[in-house]
Amino acid sequence: MKRVLKLSIGVSVCAFLAGCGIRGDLERPPPIFSDPPSEEAQTPVDVPVEFALAPERSEDEAYYNELGGEIPKPDPEANVDESGMGEVGPSD
């Protein structure tokens, strides 16, 4: 009997907490311990974001990884021979 009572209380607490803080069309309720944010703070801002691009490098400059090893550059004119890439079997 105790086990059934604990289980029902646990399930009801979990169901209550699952819906806590969200109501309707995913609008959050106002904060309990502080003033609600102003309308200006709730308005989305449409501002362009700057992306950090990799620095420009010449074709002759080598690329290095974090450990100092050189990263090979791809050859756009090299023919990739995929016929030699057959089925890979289990390793022995």
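Where is Ala62 found? Some notes on that and a few other points follow.

1. First, the ground rules. This is a predicted model, in which local features need pLDDT of at least 70 and side-chain atom pairs count only at pLDDT 80 or more, while totals for chains, interfaces and linings use all residues. Residues are numbered from 1 along each chain as its sequence is written, and side-chain values use heavy atoms, leaving out hydrogens and water.

2. The chain has two helices and two strands, in the order α-α-β-β along the sequence. Both kinds of element are DSSP runs numbered from the N terminus: H or I of at least four residues for helices, E of at least two for strands.

3. Ala62 sits in the loop between α2 (39-42) and β1 (63-64). Its relative accessible area is 19%, so Ala62 is buried (buried means under 20%, exposed over 50%, partly exposed in between, with a 1.4 Å probe and protein chains only). Leaving aside residues up to four places away in sequence, Ala62 touches Arg57, Glu70 and Lys73, where contact means heavy atoms within 4.5 Å.

4. For the chain as a whole, 1% of the 92 residues count as buried. Its accessible surface (Shrake-Rupley method) is about 10000 Å², and carbon and sulfur atoms hold 58% of that.

5. Helix α1 is worth a look on screen. None of its 17 residues is buried, so α1 lies largely in the open.

6. Leu17 belongs to α1 (residues 2-18) and is exposed, at 53% relative accessible area.

Technical notes:
Areas by Shrake-Rupley, 256 points an atom, 1.4 Å probe, with all protein chains shown as cover.
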